[in-house]
Amino acid sequence: MSVESVKEYLKKWGKDQDVREFSQSSATVELAAQAVGVIPARIAKTLSFMQKDGDRAVLVVAAGDAKIDNPKYKHTFGCKAKMLTPEEVVAYTGHAVGGVCPFANPEGKTETYLDESLKRFDTVFPAAGSASSAVEMTCQELYDCSGAKGWVDVCKAWQEPMAE
């Protein structure tokens, strides 16, 4: 169901036909990288956090090799980075863990931001609503299709040299 809602959502940008579905799981960065055939860093993982008001979630889409930097997160969003529980993830995003993406989320429940760690790639692969799907996008397409509120710098560990 969730992949179908993402495909329907992406029609507006002509990206619905680009959604790839796999017979194997792509629920983790490593599995998604294997399924797509790219280095893990090019997987655009969507991390979900409770907003300080407790009524909305913040989605941070980051490169697969990036980790949240708590002081940077707190400086940017004004609160500690508190990840959603699996139940909250479904309630706020409409997608289960492993398929969380910045597309087709319930109106008014999430705000999406893209992390600077993504900008070093021509294209990245966010999930497309299930634990066995992905869609290739440029960073600009990801920005447009996700309705991102902006670019943020809230991650660490991605600046190290990549292994190809």
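In this predicted model, Asp 18 and Lys 15 form a salt bridge whose closest N and O atoms are 2.8 Å apart. The structure holds 10 salt bridges. The points below treat several of them, together with the exposure of the residues involved.

**The Asp 18 and Lys 15 pair**
- Asp 18 has a relative accessibility of 33% and therefore counts as partly exposed.
- Lys 15 has a relative accessibility of 9%; because buried means under 20%, Lys 15 counts as buried.

**A link between loops**
- Glu 136 and Arg 42 meet through their side chains in a salt bridge, with an N to O distance of 3.7 Å.
- Glu 136 is located in the loop between strand 7 (133-135) and strand 8 (137-138), and Arg 42 in the loop between helix 2 (29-36) and strand 2 (43-50), so this pair ties together parts that are 94 residues apart in sequence.
- The relative accessible area of Glu 136 is 33%, which means that Glu 136 is partly exposed.

**The Lys 11 and Glu 8 pair**
- A salt bridge joins Lys 11 to Glu 8, and their closest N and O atoms are 3.3 Å apart.
- Lys 11 is partly exposed, at 47% relative accessibility.

**A salt-bridge network**
- Salt bridges also link Glu 4, Lys 7 and Glu 21 in a network.

Methods:
Residues numbered from 1 in each chain as written. Predicted model: local features only at pLDDT ≥ 70, side-chain atom pairs only at ≥ 80, totals over all residues. Heavy atoms only, no water. Salt bridge = Lys/Arg side-chain N within 4 Å of Asp/Glu carboxyl O. Buried < 20%, exposed > 50% of the residue type's maximum accessible area, 1.4 Å probe, protein only. Helix = DSSP H or I, 4+ residues; strand = E, 2+ residues; numbered from the N terminus.
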